[in-house]
Amino acid sequence: CAEENLARLGLAKRVRLVQADLFPPGHAGLIVCNPPWVPAEPASPLETAVYDPASRMLRGFLAGLPQHLSRGGEGWLILSDIAEHLGLRSRAELLGWIAAAGLRVLGRLDTRPRHPKALAADDPLHAARAAEVTSLWRLGVDPEARRGG
């Protein structure tokens, strides 16, 4: 899919694709992750874009990020809080995983959805979608954690 998108956009010669489980070898100054947002089991291949069993990808990204960031680099995590509104994950859990990985929050940009389902009062998920915020979390390695406390 990525290969097809790059070709369609005329970027195939400017981008090198590497297949890896979360992180390719090496370090980078910026690593961006937009994991599936709901910690539940997918029932079809299409649902793997939305469902992340036991938050495996999210937790793996956070745990591996410090080892793959260049000094002074940032990890950007794009994540909806819909799982929090559905009672499937708490903000405290997310912040705990960030801290346990030796990361700190450098900043956060928030946006609310404006798609039709977020506005449809007859949608069964309306309450959660109306409260939903999608955030770009800017993460960096916590210098205190790097020194061991």
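Student: Which residue forms a salt bridge with Asp21?
Tutor: In this predicted model, the partner of Asp21 is Arg56, and the closest N and O atoms of the two are 3.4 Å apart. The pair links distant parts of the chain, since Asp21 sits in the loop between helix 1 (2–8) and strand 1 (28–33) while Arg56 belongs to helix 2 (residues 56–68), 35 residues apart.

Student: And is Asp21 buried or exposed?
Tutor: Asp21 counts as exposed, with a relative accessibility of 57%, whereas Arg56 is partly exposed at 47%. The two fall into separate classes because exposed requires over 50% relative accessible area.

Student: How many salt bridges are there in the whole structure?
Tutor: A search of the whole structure gives 4 salt bridges. Among them is the one between Glu74 and Arg138, where the closest N and O atoms are 2.7 Å apart. Glu74 lies in strand 2 (residues 69–80) and Arg138 in strand 4 (residues 134–141), so this pair ties together parts that are 64 residues apart in sequence.

Student: What about Glu74, buried or exposed?
Tutor: Glu74 is buried, with a relative accessible area of 18%, while Arg138 counts as partly exposed at 27% relative accessibility.

Student: Which residue does Arg91 bridge to?
Tutor: Arg91 forms a salt bridge with Glu84, and their closest N and O atoms are 3.0 Å apart. Arg91 counts as partly exposed at 26% relative accessibility, and Glu84 is likewise partly exposed, at 24%.

Student: Changing topic, what is the strand order in the sheet?
Tutor: The sheet is an open one of 4 strands in the order 1-2-4-3, and its pairing is mixed. Strand 1 and strand 3 (103–111) are the edge strands, each pairing on one side only. On average, neighbouring strands of this sheet are turned by 15° against each other, if direction is ignored.

Student: In what sense do strand 2 and strand 4 pair?
Tutor: Strand 2 and strand 4 pair in the antiparallel sense, over 6 bridges. Within strand 4, Arg138 stands opposite Trp76, and Leu136 is the bridge partner of Ile78.

Student: And how many bridges join strand 3 to strand 4?
Tutor: There are 8 bridges joining strand 3 to strand 4, and these two strands also run antiparallel. Here Arg108 stands opposite Trp137 in strand 4.

Student: Where does helix 2 lie?
Tutor: Helix 2 lies across strand 1, strand 2, strand 3 and strand 4, and it runs at about 165° to strand 2.

Student: What about the largest nonpolar core, how many residues has it?
Tutor: The largest nonpolar core has 17 residues, and those with the most contacts inside it are Phe61, Leu62, Leu65, Leu77, Leu94, Leu103 and Leu139. At least two residues of this core come from each of strand 1, helix 2, strand 2, helix 4 (91–100) and strand 4. Helix 2 gives the most, with 4 residues.

Student: Which residues does Leu65 touch?
Tutor: Not counting residues up to four places away in sequence, Leu65 touches Phe23, Ile31, Gly75, Leu103 and Leu139.

Student: Now Ser80: which strand is it in, and is Ser80 buried or exposed?
Tutor: Ser80 is part of strand 2 and counts as buried, at 2% relative accessibility. A polar contact of 2.5 Å joins its side chain to that of Glu132, and the side chain of Ser80 also reaches the backbone nitrogen of Ile82 at 2.9 Å. If its neighbours within four places in sequence are left aside, Ser80 is in contact with Trp37, Arg89, Glu132, Val133 and Thr134.

Student: Last one, where is Asp142?
Tutor: Asp142 is placed in the loop between strand 4 and helix 7 (143–146), and at 22% relative accessibility Asp142 counts as partly exposed. Apart from neighbours within four places in sequence, Asp142 is in contact with Gly102, Leu103 and Arg104. Asp142 and Pro35, by contrast, are 22 Å apart in space, C-alpha to C-alpha, and 107 residues apart in sequence.

How values were computed. Residues are numbered from 1 along each chain as its sequence is written. This is a predicted model: local features need pLDDT of at least 70, side-chain atom pairs count only at pLDDT 80 or more; totals for chains, interfaces and linings use all residues. Side-chain values use heavy atoms; hydrogens and water are left out. A salt bridge is a side-chain nitrogen of Lys or Arg within 4 Å of a carboxyl oxygen of Asp or Glu. Buried means under 20% relative accessible area, exposed over 50%, partly exposed in between (1.4 Å probe, protein chains only). A polar contact is a pair of N or O atoms within 3.5 Å; within protein, one must be able to donate a hydrogen and the other to accept it, and residues adjacent in sequence count only if both atoms are side-chain atoms. Contact means heavy atoms within 4.5 Å. Two strands pair if DSSP finds at least two bridges between them. Axes are lines fitted to C-alpha atoms, for helices over the stretch in contact, and angles run from 0 to 180 degrees between N-to-C directions. A nonpolar core is a set of buried Ala, Val, Leu, Ile, Met, Phe, Trp, Tyr and Cys residues joined through side-chain atoms within 4.5 Å.
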